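Dear colleague,

Please find the structure below, handed over for your files.

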Amino acid sequence: APNLGWWNVRPSETVAQIVGVDVSLIGVGNEADCAAEAIAWDAPARPSDLGEFLYVSGEVGIGSALVTAGRAMTGRHGWAGEIGHVCVDSAGPVCACGATGCLEAYVGQAALSAAAGTRDTDELIARLHEGNPRALAAVEAAATTLGVVLAGALNLLDVSQVILGGHLGRLAPHLIPGIDAELRRRVVAAPFETLAVTSLPDDRGMACVGAAYLALHRVLNDPAPWLAS
């Protein structure tokens with residue numbers, strides 16, 4: 001977790017010691033994956049109507065999660081969905097991960113606010129409502145960049161629905177037109193498939209809800225170890 005300065009940290013083992021349970025009972029996931037689970041399920045064991053989608057989360061960094069059949073695909077190491085570290089320009093600014101030109105360095109919360117000349121997303125939204133030229137230009141550029149990267153993701157994953165969360169969700173009314181334009185231009189399936197980009201309300205508790213769902217699914221699927229402990 002480079003934005004936290006974490007390298008070779010094993011939080012599951014630490015939490016297991018604090019809670020006093022076997023480490024096998026502790027699950028670890030990142031914000032984007034857990035928030036996506038909250039979208040995929042209305043309640044534990046009760047899937048939502050959204051069967052397959054790409055969730056893109058914007059906070060300090062940019063993360064994503066591909067959800068199919070109600071499950072976020074995390075990959076072998078749990079690193080799947082690191083869309084924020086897709087390269088936009090190899091000669092671009094240095095990212096927190098150490099590489100240059102990552103998407104995060106262009107549309108992350110701090111990067112986007114800096115480009116707009118604002119302190120945070122609240123001020124950026126206010127400037128957009130005022131029609132501030134610099135804020136409008138920064139968000140327009142971010143929408144184009146995000147649209148290009150998302151088009152690549154949709155071509156690779158064959159998904160037609162994108163859901164924006166975090167600060168990207170808050171800025172969605174200003175981002176979606178530019179994203180849509182890039183998707184229509186670049187996604188191979190665009191002439192044959194309806195591509196939908198939507199957003200979620202700014203709910204910072206969503207990742208916690210998703211984490212709770214994941215924990216409860218483990219209990220429902222295999223209650224014996226929990227009863228024993």
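How many residues apart are Arg186 and Glu182 in helix α8? They are 4 residues apart in α8 (residues 172-186), which means that about one helical turn separates them; helices are DSSP runs of H or I with at least four residues, numbered from the N terminus.

The model is predicted, so local features need pLDDT of at least 70 and side-chain atom pairs count only at pLDDT 80 or more, while totals for chains, interfaces and linings use all residues. Residues are numbered from 1 along each chain as its sequence is written, and side-chain values use heavy atoms, with hydrogens and water left out.

The structure holds 5 salt bridges, each being a side-chain nitrogen of Lys or Arg within 4 Å of a carboxyl oxygen of Asp or Glu. In one of them, the closest N and O atoms of Arg186 and Glu182 are 2.6 Å apart. Glu182 is buried at 7% relative accessible area, whereas Arg186 is partly exposed at 41% (buried is under 20%, exposed over 50%, partly exposed in between, with a 1.4 Å probe and protein chains only).

Salt bridges with shared partners also join Arg119, Glu123 and Arg127 into one network. Glu123 pairs with Arg119 at 2.7 Å between the closest N and O atoms, and with Arg127 at 2.7 Å, N to O. Glu123 and Arg127 lie 4 residues apart in helix α5 (residues 121-130). Glu123 is buried at 15% relative accessibility, Arg127 is partly exposed at 24%, and Arg119 is exposed at 74%.

Yours sincerely

Key. Helices (H or I, at least four residues) and strands (E, at least two) are DSSP runs, numbered from the N terminus.
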